[in-house]
Amino acid sequence: MGIIAGLMEEAPRFFTYWNMLFLANAALNTLLVSFIGCLAGYALGFTIATFRLPQITPVAPVRGALILYVEAIRRIPFLVLLMCVFFGFQLSGVQASLFLIAVTAVALRMSALSAENVRAGYEAVHERQWDAALTMNIPPLTALFRIVLPQSWRVILPPSTIHTVSMIKETSLVSQIGFLELTFSARMLTQRGFSALICYGTVLVLYFVISYAFSAAGRYAERKLVHQARAVRTPVLPA
Amino acid sequence: MSLQYGQVIAYLPDFLAGAWLSLQIASLAFVMGLVIGLFGAAVLTYGGPLARAPIRAYVSFCTNTPQLVQIFFLFFALPDMGIILSPYVAVLIGMTLNAGAYLTEIQRAGFQSIQRAEIDAAETLGFSRLQLVRYVVAPHIIRTLYPGLSNQYIIMMLGTSMAAIFGVEELTARALNANAVTFRSIEIFSLTALIYIGLTIIASALLYALGRVLFRVKARAF
C-alpha cells in the first residue's frame, strides 16, 4: 500500500490554494476554447448546411464545394487539423495568439460536424413542404426560417450537445501547441515535482465533472424539448 | 510565401508506412474493444444490479474523460505503481479501453433491439439455440449495429493520431519528424491531412461494401 501512503503524504502539498487556482484557470481556458470555438463552428456549420440546400443554392458547383469541405474536414484528425491551422497562421504572417489558433481549429472541426448535423435536421422535414412553400411564392429563406427550421430543431439539438461535450474532451490535444488548458496544466504540475498519478488523476476527475455535467444538462434539455413539442402538438390531434 | 512540395513528396513512402501502422493500431484496438464491448453490453442487458454497477462506472468514466489524458495517465502515472508500459502498448491499451466503453454503449443498443416475440417465433418453429443465434439474433443485431460500428472505426482511425504524442511512429508522428527536418510545415501537414482523408474514405467505402455483401445492411456509406 505504498501508493496510498504516498498519495496521502503528497495530497496536502498538492491541494494548496495556489495550485487549485492554477487548475481552475486552466479549466476555464478549456471551457473558453471549447465554447467560443463551438459557437463559431455552429454558426459556420449552420451557414454551410443552409447553402447546401438546393432550394437555397441552385448552383450545383457551390453545393459540391461545400460537400467537399465538410467531408474533408471531418476526415482529418483534430491534431493534424490543429497543426494545419498553427502553420497556416505562420504562413499567412498573421501574429495569432495560441488561444486564437486553438479556437480556429475547434471552430473548423465543429463547422464540419454541425453542418452534417444540421443537414440531418433539414432532411427530417419532408421535401413536399419545401415544394408547397415555394409554390406559394414564399421566399426560400423565409420558408427555411418559418417552416423548416421550427421542425428541425428537435433533430438538430440532441447531437449538438453530444458534439460539444466531445469537443471539450478533444481540446485536450490543444496542449500540444502549448496552450495552457487542463491537460497542459497537468504536465506543468508534474514538472514542478508532483507525481503523475496525482496530477493526471486530478485532471481526469475535473474533465469528468465538466463532461458529465454538460451531458446531464443536454439530456435534460432534450427531454424538455421533446416534452414541449408533444405538448404543442396534442391539441391538434383529433380526439 | 510559397508552397514547395518537392522535398515533401520524397517522404510519401515513409508517411504511407506510418499510415499502415495507424491502420494496425486502429484495427487492433477496435477488435479488442469490440470484445470488451460485447461483454459489457451483455452484462448491462442481462446482468444483475451488482454486476452492472462496475460496467456502468467504467463506461461513464471512459466516455467522459479525454482519451489523450487517459493515455497520459497510463503512460506516466502507472510507473508510479511499478507498471511500465512501452509507448505502443500504452496507446494500444488506452485506445482499447476507451473504445471498449463506446462499443459497450453501441452494442447495448443492439441487444435491446431484439424483440421477445422474434425469439418466441423462432422457438415455436423448432430452432435450436445455436440456430436461433445464427439465423435470428445475430443478423438482426449486426444490421442494427453496423452503421454505429463502422462510424466508431473511422473515429478510431482518426484517434490514432494522438499516438504521435507518445512517440509511436505512426502517420502523424512521421509528419512531425519530417517537419522537424525540413520545416516545410504546411506542405507536410496538408499532405498528412490528405492521406488521412484518403484512408478514411477507402475504409468507409470498404466497410459499406462489406456490410452490403455480408450482412445486407442498407445504410448510407458516408
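In the predicted model, B:Phe183 sits in the loop between helix 8 (171–182) and helix 9 of chain B. Its phi is near 60 degrees, a positive value in a residue other than glycine. B:Phe183 counts as exposed because its relative accessibility is 64%, and the cut-off for exposed is over 50%.

A:Asn137 is placed in the loop between helix 6 (127–135) and helix 7 (140–170) of chain A. With a relative accessible area of 71%, A:Asn137 is exposed. A positive phi is also found at A:Gly193, near 105 degrees. This glycine follows helix 8 of chain A. That helix covers residues 182–191. Its buried residues are A:Leu182, A:Thr183, A:Phe184, A:Ser185, A:Ala186 and A:Leu189. An α-helix has 3.6 residues a turn, so residues three or four places apart point the same way.

Chain B holds 9 helices and 0 strands. From the N terminus on, its elements run α-α-α-α-α-α-α-α-α. The C-alpha trace of chain B spans about 70 × 45 × 25 Å along its principal axes. Of the 222 residues in chain B, 47% are buried. The accessible surface of the chain comes to about 11000 Å². Carbon and sulfur atoms account for 69% of that surface. Contacts in chain B were also sorted by sequence separation. Among those between residues at least 6 apart in sequence, 75% join residues at least 24 apart.

For chain A, UniProt lists "domain: ABC transmembrane type-1" (unreviewed entry) at residues 27–215. This span is 80% helix and 0% strand. Its end C-alpha atoms lie 17 Å apart. For chain B, UniProt lists "domain: ABC transmembrane type-1" (unreviewed entry) at residues 19–207. Here the chain is 82% helix and 0% strand, and the end C-alpha atoms are 18 Å apart.

UniProt also places the feature "transmembrane region" (unreviewed entry) in chain B, at residues 20–46, 58–78, 84–103, 149–168 and 188–210. Two of these spans were examined. Residues 84–103 of chain B are 85% helix and 0% strand, with end C-alpha atoms 27 Å apart. Residues 188–210 of chain B are 100% helix and 0% strand. The end C-alpha atoms of that span are 33 Å apart.

Helix 9 of chain B contains B:Ser204. This serine counts as buried because its relative accessibility is 7%, and buried means under 20%. The C-alpha atoms of B:Ser204 and B:Val168 are separated by 25 Å. The two residues are 36 apart along the chain.

Helix 2 of chain B contains B:Leu34. At 26% relative accessibility, B:Leu34 counts as partly exposed, because this value falls between the cut-offs of 20% and 50%. Residues up to four places away in sequence aside, B:Leu34 touches B:Leu103, B:Gln107 and B:Leu149. The C-alpha atoms of B:Leu34 and B:Val181 are separated by 39 Å. These two residues are 147 apart along the chain.

Four elements of chain B each give two or more residues to the lining: helix 2 (12–46), helix 5 (87–112), helix 7 (129–159) and helix 9 (185–215). Helix 7 of chain B provides the largest share, 9 residues. By class, the lining divides into 18 nonpolar residues, 2 polar and no charged.

Notes:
Residues are numbered from 1 along each chain as its sequence is written. Chains are lettered from A and ligands numbered from 1 in the order in which they are written. This is a predicted model: local features need pLDDT of at least 70, side-chain atom pairs count only at pLDDT 80 or more; totals for chains, interfaces and linings use all residues. Side-chain values use heavy atoms; hydrogens and water are left out. UniProt positions are given in the numbering used here, feature names are shortened, and annotations may be inferred rather than shown by experiment. Ala, Val, Leu, Ile, Met, Phe, Trp, Tyr, Cys and Pro count as nonpolar, Asp, Glu, Lys and Arg as charged, and the others, Gly among them, as polar. Buried means under 20% relative accessible area, exposed over 50%, partly exposed in between (1.4 Å probe, protein chains only). Contact means heavy atoms within 4.5 Å. Accessible areas come from the Shrake-Rupley method with a 1.4 Å probe; for residues, only the protein chains shown count as cover.
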